[in-house]
Amino acid sequence: MKKTLLSLFTVFSFSLVMAQGNCNSSVTVAVGSTITAPAFTNETGTAPTQLCGLANGAGTKGKWYNFTATENNTYIVSTALSQNNNADTRVIVYSGNCFGLVCVGSNDDYNGGNTSQVTFTGTAGTVYYIAFDNKYSQAGFDFTVSIAPPPAPDRLSFTSTPVAGITGTFNNCIVDMNGDYKDDIVSAISTTSMAISYQQTGGTFTTTTFTLANTTITPSWSMAAGDYDNNGYNDLVWGSGSGVTFLKANSNGTAYSTDRKAQNYLVQRTNFVDINNDGKLDAFACDDNAPNRYYINDGTNLNHTQGGIGDFPSGGNYASNWFDYDNDGDIDMYLAKCGQGGSGVGGNIDQLHRNNGNGTYTNVATEANMANPEQTWSGAVGDFNNDGWMDVIVGVNSNSNGGTNVKRNNGDGTFTSVTAGSGYDTITSTGREYVAQDFDNDGFLDVLGSGSTIMFGDGNFHFTPNPNTYPLSAVDRPIGDLNNDGFLDIQNGTNILFNNGNTNKWLNINLQGIQSNRNGIGARIEIYGAWGKQIRDVQSGTGFQNMSTITAHFGLGQETTISQVIIKWPSGIVDVLNNLTSNQNLLVVEGSSPLANASFTNIDFSVYPNPAQHTLNIKFNDSISLATAQIFDLQGKSIQKSSVSNGTINVEKLSSGTYILLLTDTNGKEYTSKFIKE
């Protein structure tokens, strides 16, 4: 990563400069140069005393430099250079003059290392002073003064903005908490309090602090959100090193009750998901030292169960990602494993749990080619090539047993590694958090992963890193639209990286379940337009520990019209909306736009006899290989699902009435027609 950072800057000269002792005798350096600062043992300079927010007091010696901004632009002063070998430095940048210095920025331990970097907006003709001290090291180092490169075409820049009111130690949850379908920020302060920063107009926030009955634990490992009592207000689960606690919102979201579960275990990823598809959200928790735990919702309580979905005896369960990988209409689960330190010894490798449709799950990782041995703490899941099948990028937290692995869903229950040539084959950085979202709204999913950057997808499994690095925590970086502008932002502690956006269009979709769970978690959303098809599965808890927005976000490139939106709810109800415009936040209530109201064409095939009594025959105009047939009533409720045998479907058990037939071929394309059952 350091080599990448260095290569971003145009360096016109390299010179050895002996720094002078204080601001008045500072050495002038040029923008676009690399400067070698000798060891502090050779200096007698005065250490800066105006520390501009740096902790632990001043050093005993200092080095002082100055430069004049050559244009109005973003400037970077950095020691994050490969030749410094992570040298321990502190830097402060000032404006003003030596008799009245004004803090511009300061840094210590840039991007999790020991180096330092300050990025700031400079004004042409203004003199800026740079000061280093010897607080942590006497060694010499190199530093650069450069103009930040512009974003690559159609790529992004972010503006890091402190947000007053965000507080607490665990700032890793972005979700709507007051029912207005705008993303808010949840921060856990202690075992007896938390804060919610509610989004207002223009990316401002109003914060409320809640007193809690003692939760016993804090979300030191993960947090997830979902409305498990279906009252319209999201609840929380905190995962810690000694179990979980649930926080349930009251009827108007103004207070939270505490349900500390008795089980003591090391929690990793937590999720809300309707495991048994009864319309009520359950909770899942990865156990690091034993088979996984989950809590089944009986309508009143969440009841503990262990085993059945990830039973490896010594655990190693790090991140569970719930999505429909085989397009059969029910939710499956990919389980990222630590691989016993990356060795994969003893079978502690990634798992893929197929939903059997009856509340049970089967690990099919081996036959699906998803028994990945990499030491992964999470994986980014999404349809990266927009073919209607969910793919997986297996992120790595260690390169000891292989690097990041890009897995394409073949649509037949198997996955193929397409890492070679993807861009991930040349990336050696590692990390815990891998999450798929379309940050630049070009219609192709990107990945926020290791290296504090974004890998931008092109829709054909090629990924390019953003030329800008971002001041991100290694793990605490939930994602959401925090100023309601249609571009996804990233939270980083008490700061928000607001996405500066571009001219691309977007669509945000929120769901309100009626027969399904209130959030619509587990629903499949499909959108169609001139570009083809995009899909999202609504999830609670992605990546390793953060809770990112439940809102389904779609980038549209320059397209302004969405021809059709299809929501397939966990209940089996299907809603269809036609001819929508871009750049809007859409709320869909389950059953409000049923499949029966959609306009259907069946120019590709015919059904006969129609009306039918016992058997419905299907005849395609071209050679089509069918995978499944699904029948819906006029309210959009799924009535029957089966394979198609010799072009016929048995409809004998259907009651008399009008129905909608939905056919899916082996390439994932869908065809619809109405028919009458006598």
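Predicted model: local features only at pLDDT ≥ 70, side-chain atom pairs only at ≥ 80, totals over all residues.
**Entry 1: the open sheet**

I looked up the strand order first. Four strands form an open sheet, and I read them as β16-β17-β18-β19. The pairing is antiparallel. Next I checked the edges. β16 covers 222-226 and β19 covers 256-260. Each of these edge strands pairs on one side only. I then took the twist. From one strand to the next it averages 20°.

**Entry 2: inside that sheet**

I went on to β17 and β18. β17 holds residues 235-240, and β18 holds residues 243-249. How many bridges join β17 and β18? I find five, in the antiparallel sense. I also looked up Trp238. Its opposite residue is Thr245 in β18.

**Entry 3: strand β4**

I turned to β4, residues 62-68. Is this strand largely enclosed or open? Six of its seven residues are buried, so the rest of the structure largely encloses β4. Buried here stands for under 20% relative accessible area.

**Entry 4: partners of β4**

I listed the pairings of β4. Strand β2, residues 27-28, pairs with β4 in the parallel sense. Two bridges make up that pairing. Strand β9, residues 127-133, pairs with β4 in the antiparallel sense. Here I find seven bridges.

**Entry 5: Tyr65**

Which residue of β4 stands opposite Val27? I find Tyr65 there. I followed Tyr65 into β9 as well. Its bridge partner in β9 is Ile130. As a reminder to myself, strands of a sheet pair through backbone hydrogen bonds, either parallel or antiparallel.

Terms used
Residues numbered from 1 in each chain as written. Heavy atoms only, no water. Pairing = 2+ DSSP bridges. Axes fitted to C-alpha atoms, helices over the stretch in contact; angles between N-to-C directions. Buried < 20%, exposed > 50% of the residue type's maximum accessible area, 1.4 Å probe, protein only.
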